[in-house]
Structure formats: structure tokens, C-alpha cells
Amino acid sequence: MSSHSDPRQVIEAAATKPYGFMPFRPGAGAGGHCIPCDPHYLLWQLRARKVASPLVDAAMAAIAERPARVAGKARDALAARGLGTTGSRVLVLGVAYKPGVSDLRESPALEIIDLLTAWGASVAYTDPLVPRLERRGTVLHSVDAPEAVDWDLVVVHTVHPGAALDWLERGPAVLDVTHRFPVAATGAAV
């Protein structure tokens with residue numbers, strides 16, 4: 001396979017083996033108070049002792065790069081539809097760092113919103129557990145009826161338990177970083 005293979009295809013191929021397998025799919029990044037932060041304490045101590053840690057360094061760099069990669073994929077998805085990023089209406093579905101919580105600590109969605117906004121998109125979000133958030137001095141409120149708006153792109157970031165997603169099948173272009181939809185439906189693997 002080339003270095004640009006769809007990670008979903010690689011994971012599906014690995015899952016065909018008859019022994020224990022647990023799939024881990026690339027998403028928008030790691031959020032919360034542990035994974036994106038705690039390894040830096042280890043790295044700080046290792047660097048103080050001049051001990052190399054290439055695996056941890058590479059993992060943390062990959063985690064840090066994910067939100068920008070997703071924002072770039074969103075830009076590509078808009079371009080594939082003949083739309084520029086500037087002025088496009090983009091909805092981020094779910095901004096909490098994981099399903100079932102209202103916690104925004106280190107949520108990749110925040111960086112995705114910031115990047116798309118900086119690139120000129122009109123960005124909104126919907127998240128029943130996060131009614132409002134502040135980004136760069138602007139207060140955003142969760143969109144209550146996202147299915148009623150004609151979005152140019154919906155970035156599916158966090159899907160809370162019990163969320164109704166059937167409206168996504170009826171219209172907007174979707175970039176799914178949760179791997180809930182078939183790749184053909186989203187048009188882009190992350």
C-alpha cells in the first residue's frame with residue numbers, strides 16, 4: 001500500500017486475522033486532561049536527564065497535528081464541492097472531547113473551529129451538552145436545530161449517546177472523524 005492509504009482500509013484488513021484484535025481509528029485528536037497533557041511531564045523529566053524518547057515524541061507530535069489535519073480535510077472537502085473556505089457554512093457536530101461528557105479540556109474541536117474561522121469559514125457548532133463556548137473573545141451558542149440549516153459541510157467530531165444523525169443522510173456534505181459512516185458517504189478519510 002502507498003503511504004497515502006486510507007487508514008480505514010488498513011484497519012479493516014488487520015481485522016480479518018483470526019486472533020485478538022482491537023481497532024483504533026484515527027480521529028480528530030486526543031482531548032481531556034490526561035493523554036494530551038500527562039506525557040509532557042514524562043518528556044520534561046526525560047529531557048532534563050538528556051534521555052531520548054523518540055516514540056513518545058512522535059506520538060505527541062502526531063496527536064498535536066490531528067486537529068489541523070482535520071481542518072485541512074474540511075477545507076479539501078469544501079474545495080471538492082467547488083466551494084472556497086471563505087464564507088462557507090460549516091457545522092462542527094459535537095465539541096466535547098469525548099461522547100457523553102460536557103468537558104472541553106483540550107478538545108480537538110476547539111482548534112478545528114479556530115482554524116476554519118481563521119480561514120474565513122462561518123463556523124457554528126451543535127452539542128447538547130455544551131450550550132455555549134467562547135473562542136477568541138466570541139461567544140458561540142450550540143445550534144438547537146442543525147437539520148434546519150443548509151450547511152456546506154458538517155464535521156462530525158463527537159457523537160453523544162442517543163444522538164439522532166439521520167438528518168446527515170439527507171443533505172449536507174459530511175466529514176466524519178468518528179468513523180460512524182462509510183467512507184463513501186463522507187468522501188474523505190482522516
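Strands β1 and β5 run alongside each other, pairing in the parallel sense over 4 bridges. Two strands count as paired if DSSP finds at least two bridges between them, and the elements themselves are DSSP runs numbered from the N terminus: helices are H or I over at least four residues, strands are E over at least two. Within this pairing, leucine 93 stands opposite valine 156 in β5.

A word on the source before going further. This is a predicted model in which local features need pLDDT of at least 70 and side-chain atom pairs count only at pLDDT 80 or more, while totals for chains, interfaces and linings use all residues. Residues are numbered from 1 along each chain as its sequence is written, and side-chain values use heavy atoms, with hydrogens and water left out.

**The sheet and its helix**

The β1-β5 pair belongs to an open sheet of 4 strands, in the order β2-β1-β5-β6, with parallel pairing. At the edges are β2 and β6 (174-176), each of which pairs on one side only. On average, neighbouring strands in this sheet are turned by 20° against each other, direction ignored. Helix α3 packs on the sheet, where it touches β1, β5 and β6, and its direction makes about 155° with that of β5. For these angles, axes are lines fitted to C-alpha atoms (for helices over the stretch in contact), and values run from 0 to 180 degrees between N-to-C directions. Contact here means heavy atoms within 4.5 Å.

**The cores**

Which residues have the most contacts inside the largest nonpolar core? They are Val90, Val95, Leu116, Tyr125 and Leu153, in a core of 26 residues. Two or more residues come from each of α3 (54-80), β1 (89-93), α4 (108-118), β2 (122-126) and β5 (153-156). Such a core is a set of buried Ala, Val, Leu, Ile, Met, Phe, Trp, Tyr and Cys residues joined through side-chain atoms within 4.5 Å. Buried means under 20% relative accessible area, exposed over 50%, and partly exposed in between, using a 1.4 Å probe and protein chains only.

Leucine 153 touches residues including Ala74, Ala77, Leu78, Val90 and Leu175, with those up to four places away in sequence not counted. Apart from this core lies another, of 13 residues, among them Trp151, Val159, Leu165 and Val174.

**Individual residues**

The charged end of arginine 75 sits over the ring of tryptophan 119, 3.9 Å from its centre. The rule asks for NZ of Lys or CZ of Arg within 6 Å of the ring centre and within 35 degrees of the ring normal.

Most residues other than glycine have a negative phi. Two residues here have a positive value although neither is a glycine: lysine 50 and glutamate 106.

| Residue | Phi | Place | Relative accessible area |

Arginine 132 is placed in strand β3 (residues 132-135). It counts as partly exposed because its relative accessibility is 46%. Leaving out residues up to four places away in sequence, arginine 132 touches Tyr125, Val139, Leu140 and His141.

Is histidine 179 buried or exposed? Histidine 179 is buried, with a relative accessible area of 15%, and is found in the loop between β6 and α5 (183-186). Beyond its neighbours within four places in sequence, histidine 179 is in contact with Arg8, Arg25 and Pro26.
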